[in-house]
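Q: I would like to learn how to read a protein structure. Could you walk me through one with me?

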Amino acid sequence: MVEHILANLKIFVHEMQVNEKVISGYLFSFKQVGYTVLVNRDPKKEYYLALLHFQNNQTNQSIEAFANSTNIAWNPLTDFFKFFSINDNKHSPHNVLQNFARALNAQTPNVLPTMIDKDLNDSINQYFNQCDPENPNKKYCYQAYRNGVKNGEQQHRTIFNAQKTQNLRPELFKKLKADKEISFRYSSLASREKSDSDIITNFVQKDNSF
């Protein structure tokens, strides 16, 4: 019988999906060392729930691995032992990996935190900008628009577009988030930025279904 040793990760990723978050994170302590775990629920790799990015809070060194509810795919395994300073000759590598996964699962939240401290929030936003396929310098919102139909299928805003708007324009996102056909456009020019009221007014004027 397969053991879902990282069951809380599956719950955490589901919570991210419900809240339209592609990147989130939490704090993790292992062998008395503090780490930040950043979770990317868009791993672009079949059979995996997420890409986990572990950052040592003391050295800022990092390591990444794909994960699902049953295991973490460390490649190469030697990097895992080196990063977490594991020198265990008493147990098999399999047991060491299982013990690490259990420790991680025990500290993985099963809900998204409503309050995040500044350091963790900064780490999430910095990692989000690294993963965002759009130019991170485009941070000035100037338009909301309705996605069209492509190949007979209605298009929806991307998970990156949703979280970017939650981060940069939270009040605007709250007003329009219920309709997932609506996306938001950004510019790298501050002069193009529009207020919430202007964006919504312009959207309503152009959109017949609002």
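A: Gladly! Let us start with a term for helix pairs: a crossing is left-handed if the near helix is turned anticlockwise from the far one by less than a right angle, and right-handed if clockwise. Keep in mind that this is a predicted model.

Q: Which kind of crossing does H4 make as it passes H5, left-handed or right-handed?
A: H4 passes H5 in a left-handed crossing.

Q: How do I describe the packing of H4 and H5 in numbers?
A: In general, two packed helices are described by the angle between their axes and the distance between the axes. Here, helix H4 (residues 118–131) packs with helix H5 (residues 159–168) at an angle of about 145°, and their axes are 11 Å apart.

Q: Which residues in H4 and H5 meet?
A: From H4 come Ile124, Asn125, Phe128 and Cys131, and they meet Phe160, Gln163, Lys164 and Asn167 in H5. Sorted by class, this contact has four nonpolar, three polar and one charged residues.

Q: What about the strands: how do I read a sheet?
A: Strands of a sheet pair through backbone hydrogen bonds, either parallel or antiparallel. In this model, five strands form an open sheet in the order S1-S2-S3-S4-S5, with antiparallel pairing. The edge strands, S1 (23–30) and S5 (72–73), each pair on one side only.

Q: How many bridges join S1 and S2?
A: S1 and strand S2 (residues 33–40) pair over eight bridges. Ile23 stands opposite Asn40 in S2.

Q: How many disulfides does the structure hold?
A: A disulfide is a covalent bond between the sulfur atoms of two cysteines. The structure holds zero.

Notes: Residues numbered from 1 in each chain as written. Predicted model: local features only at pLDDT ≥ 70, side-chain atom pairs only at ≥ 80, totals over all residues. Heavy atoms only, no water. Axes fitted to C-alpha atoms, helices over the stretch in contact; angles between N-to-C directions. Helix = DSSP H or I, 4+ residues; strand = E, 2+ residues; numbered from the N terminus. Contact = heavy atoms within 4.5 Å. Nonpolar A, V, L, I, M, F, W, Y, C, P; charged D, E, K, R; others polar. Disulfide = S-S within 2.5 Å. Pairing = 2+ DSSP bridges.
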